[in-house]
Amino acid sequence: IFSEYSLDLIIIHSSSAVLGTYDLLLKTQAPIIYVFHSPWSEEYKILNENILTCGNFFAKFAVNFLTWARKYHEKKYLELSDGIITLSEYMKNFLTKIHPSINADKISVIPGGADLSRFHPANNKNEILCIRRKYSLPENEILLITVRRLVPRTGVDVLIRSLPHVLQRINQKIKLIIVGDGPMLPELKELSEKLNLEDEILFTGILNDETLREYYRASDIFIIPTKYLEGFGLSTVEAIASGLIVLGTDIGGTNEILSNISKNLLISECSESAIADKIISCLNKQNSFSDELKNKGLDLIRKIYNWDNHTK
């Protein structure tokens, strides 16, 4: 590619994706932009936290060395870049904290967005009913939905454990839809069986774009139960654009999005009780309250979190 084409711009989305290209990038005349979604080293450390707390000396040494190597590699490409984009102020601050040598002046915050031509609310209750029937979803139940990579960082296990607390205190039938895949999928399915929640939880796996958009429109509440490192949360703004009430733990970039609608949408911590309390509180609110939040959310997407603004 470097030899065949005249490059106008190089955009890096992950330091792992450019392994072995440092010398080539150093020689190129094209400007380089690094879109910093999340720190590679910190994600690796979180993924291996069990080894760091319970592993033997050699296993801990290996994880610590590989964490350092990822951080060093990432820093090289950040320093090489002409400009850096983060999707939230939170991630900008995190970047400058773990890589203090990076000049903060070359970092711009440009958040993600939703394509309003694709993500939008259902036109009426009949459309919602048709979508639910199309996918054999319960017609008269509250549908909670989350769209996550199934890894420890995203907190889906805590969300599942919060569901029995909700069911005990709410006199309504509830279905939790979990969209996504990842290494925790077998563990999460086992957890749902252990808690006797097989009828209340639906694991869909990864959905294609059209199906995902319809699942959003057919649902009532979107939940983002992150434990750590939520740089932005693209599914958060897509859910808001689809007309859902969105509840999220007060972690990272989620705060920046939901605070613009209402701080009451923020869950104080990633715990069973905190998530259950917030879901119950939301379900107990008047419909007018929900409509007000939905309208404020849609207005926020139109004004800030859409691709037309960001591409400009």
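Glu 190 lies in helix H8, which covers residues 185-194; helices here are DSSP runs of H or I with at least four residues, strands are runs of E with at least two, and both are numbered from the N terminus. Because its relative accessibility is 57%, Glu 190 counts as exposed, where exposed means over 50% relative accessible area, buried under 20%, and partly exposed in between, with a 1.4 Å probe and protein chains only. Together with Glu 187, Glu 193, Glu 198 and Asp 199, Glu 190 forms a negative surface patch. Such patches are made of residues with over 30% relative accessible area and no salt bridge, like charges being joined within 9 Å and nonpolar side chains (Val, Leu, Ile, Met, Phe, Trp, Tyr) within 5 Å.

The model is a predicted one, in which local features need pLDDT of at least 70 and side-chain atom pairs count only at pLDDT 80 or more, while totals for chains, interfaces and linings use all residues. Residues are numbered from 1 along each chain as its sequence is written, and side-chain values use heavy atoms, with hydrogens and water left out.

## The chain as a whole

The protein chain contains 14 helices and 10 strands. Its radius of gyration is 21 Å, close to the 20 Å that the globule rule gives for 312 residues, so the chain is as compact as a globular protein of that length; the radius is taken over C-alpha atoms, and the rule is 2.2 Å times the number of residues to the power 0.38. Along the principal axes, the C-alpha trace spans about 65 × 50 × 35 Å, and 50% of the 312 residues count as buried.

A search of the whole structure finds 14 salt bridges, each defined as a side-chain nitrogen of Lys or Arg within 4 Å of a carboxyl oxygen of Asp or Glu. In one of them the side chains of Asp 209 and Arg 118 meet at 3.1 Å, N to O. This pair links distant parts of the chain, since Asp 209 is in helix H9 (residues 209-218) and Arg 118 is in the loop between strand E4 (107-109) and H6, 91 residues apart. Asp 209 is partly exposed at 48% relative accessible area, and Arg 118 is likewise partly exposed at 28%.

Arg 217 and Glu 127 also meet in a salt bridge, at 3.2 Å, N to O. Arg 217 lies in helix H9 and Glu 127 in helix H6, so the pair ties together parts that are 90 residues apart in sequence; both residues are buried. A further bridge, at 3.1 Å from N to O, joins the side chains of Asp 220 and Arg 132. Here Asp 220 sits in the loop between H9 and strand E8 (221-224), whereas Arg 132 belongs to helix H6, 88 residues apart. Asp 220 is partly exposed, with a relative accessible area of 27%, but Arg 132 counts as buried because its relative accessibility is 4%. Elsewhere, a network of salt bridges links Asp 157, Arg 161, Lys 227 and Glu 272.

## Loop residues with positive phi

Ser 136, a residue other than glycine, has a positive phi near 55 degrees, and its place is in the loop between helix H6 (125-134) and strand E5 (142-147). Asn 196, which is not a glycine either, has a positive phi of about 55 degrees and is placed in the loop between H8 and strand E7 (201-205). Ser 136 is exposed, with a relative accessible area of 68%, and Asn 196 is exposed, with 60%.

Notes. Accessible areas come from the Shrake-Rupley method with a 1.4 Å probe; for residues, only the protein chains shown count as cover. Lys and Arg count as positive and Asp and Glu as negative; His and the chain ends are not counted. The place of a charge is taken as NZ of Lys, CZ of Arg, CG of Asp or CD of Glu.
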